[in-house]
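Please read the following as a guided walk through one structure, beginning with a term that the later paragraphs rely on and moving from single elements to the whole.

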Amino acid sequence: MNKKLNRRRFIGNTALASMAGILAGSVPTFAQSKTASGELAALGGTSVTKRSWPKWPYVDEELIQSMMETTKSGWWSRIDNRKASKVLKFENDFAPFHDTKYVVATGSGTQAISTAVHALDIECGDEVITSPYTDMGTISGIITSRALPVLADLDPLSFQLDAKDAEKKITKRTKALMPVHMMGAPADMRSFVKMAKKHKLLMIEDACQAHHAKLDGKRIGTFGDVGCFSFQSTKVMAAGEGGACITDNEKLADTLYTVMNHGTDKKANNPRIGPKYRMNEFAASALLSQMRTHMQRHDLRNKNAKYLTQKLAGYKGLSPQKLYPGTEECSYYLYAMDFKPEQWNGATRAQFIKAVLAEGIPIGPYIPMGLHKHEWVDFICNLEVYKKMYGEARLKQYKEMTKNLPNCDRVADRMLLIQGSPVLTADQSAMDDIVNAFTKVWENRDKVKLIKV
């Protein structure tokens with residue numbers, strides 16, 4: 001658990017979860033199983049559960065059949081059979097599915113972000129304000145255009161980009177905002193929409209974790225100029241790798257397509273440049289097969305997350321990911337919680353994790369440190385193109401500013417997660433097991449610090 005794993009590798013090895021977690025207060029008063037009390041399993045007691053948790057990615061006969069059809073067809077690229085392309089069908093089906101007009105599929109969420117950056121003509125000399133607490137793909141999508149990713153601090157309770165700090169980072173070079181909907185919960189979009197209008201900025205939503213999340217009656221990804229999604233194997237819609245850009249702007253949609261298709265438009269002309277970011281037919285086949293049942297799992301994750309939050313109201317040792325006003329649904333990619341070390345009588349987060357794991361509940365930390373702590377900052381500041389376009393004074397200021405993000409450091413040190421898919425797609429008795437395990441560990445909190453990690 002102490003290994004510094006990146007987000008994907010960690011999620012692959014450990015189960016996590018999403019959004020509003022566990023409230024502060026007193027010990028909850030609900031029916032508990034017999035194993036919810038007694039000696040901690042990590043210290044020799046009996047675990048709360050030995051259940052087998054659902055597996056992920058989601059696979060059923062429909063998915064297998066869809067993949068077999070594509071394999072046998074021999075049409076494996078979207079350009080092999082343009083009129084009957086599975087990628088084209090996915091784009092057409094995903095648009096109304098996500099309350100948007102246009103979709104351009106890509107090979108990954110990172111590619112979706114890069115496509116959006118290119119299509120909006122964000123280039124070297126421009127700055128994009130985004131979060132330090134995200135996958136490196138967010139940053140990569142910016143720096144592939146040699147723009148400067150400016151990192152603002154977090155709201156320590158929502159784990160999201162802090163709009164107030166983001167506004168302080170706006171300069172004459174700022175061209176776009178890129179809020180990230182972490183754990184599948186909507187970011188503070190009311191504030192970011194106002195900010196974009198006030199300062200006349202473009203906005204790209206990194207919604208890679210936030211499929212079907214909803215705020216103020218609108219689906220996440222539809223607030224900005226472009227919304228970007230990921231279908232990597234841990235996501236709530238999974239295809240191994242895959243991504244998509246969504247927009248309501250027809251002209252921009254055409255540009256997104258041209259950029260994605262190495263600068264070649266739908267008429268086979270080459271009006272601009274772009275990388276080759278095509279989604280393949282296999283990824284589209286996997287996604288199309290999930291669309292019929294996706295909302296069932298989405299609704300189940302929301303139902304189970306709400307149940308957990310209600311049952312665990314009053315738990316002193318953890319507090320929930322704060323949700324912003326207007327939040328109606330989350331993807332519950334991850335169920336996020338803030339570990340409160342002051343409540344655990346000297347026990348550490350690592351000891352708490354080991355205690356809960358021993359009770360049969362998959363739980364873990366998340367990103368071990370914010371992206372502002374990584375070497376890419378020095379790397380880009382030493383590139384000649386950045387020195388020429390931004391100047392030494394700006395880059396020195398940028399490096400100093402980037403190092404000072406204390407709320408992000410706090411979040412990285414304290415966050416706990418349970419995986420939304422598959423854990424929150426289990427039945428209600430599984431949610432009771434989670435609650436009982438947390439309660440048992442709390443009741444034995446004086447002993448948690450005895451656990452070796």
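A residue is called buried when its relative accessible area is under 20%, exposed when it is over 50%, and partly exposed in between, with a 1.4 Å probe and protein chains only. Helices are DSSP runs of H or I with at least four residues, strands are runs of E with at least two, and both are numbered from the N terminus. This is a predicted model, in which local features need pLDDT of at least 70 and side-chain atom pairs count only at pLDDT 80 or more, while totals for chains, interfaces and linings use all residues. Residues are numbered from 1 along each chain as its sequence is written, and side-chain values use heavy atoms, with hydrogens and water left out.

Helix α4, which spans residues 109–119, is mostly covered, since eight of its 11 residues are buried. The buried residues of α4 are G109, A112, I113, S114, T115, A116, V117 and A119. Just after α4, D121 takes a positive phi of about 55 degrees.

Another helix, α14, covers residues 428–443 and contains T439. Because its relative accessibility is 1%, T439 counts as buried. A polar atom of the T439 side chain lies 2.9 Å from the backbone oxygen of V435.

Residue I64, by contrast, belongs to helix α2, made up of residues 61–73, and I64 counts as partly exposed because its relative accessibility is 36%.

Turning to the whole, the protein has 15 helices and 14 strands, and 59% of its 453 residues count as buried. Its C-alpha atoms fill a box of roughly 70 × 60 × 35 Å along the principal axes. A compact globule of 453 residues would have a radius of gyration near 22 Å, and the protein agrees with this, having 22 Å; the radius is taken over C-alpha atoms, and the globule rule is 2.2 Å times the number of residues to the power 0.38. Among contacts (heavy atoms within 4.5 Å) between residues at least 6 apart in sequence, 75% join residues at least 24 apart.

How values were computed:
Polar contact = N/O pair within 3.5 Å; in protein donor to acceptor, adjacent residues only side chain to side chain.
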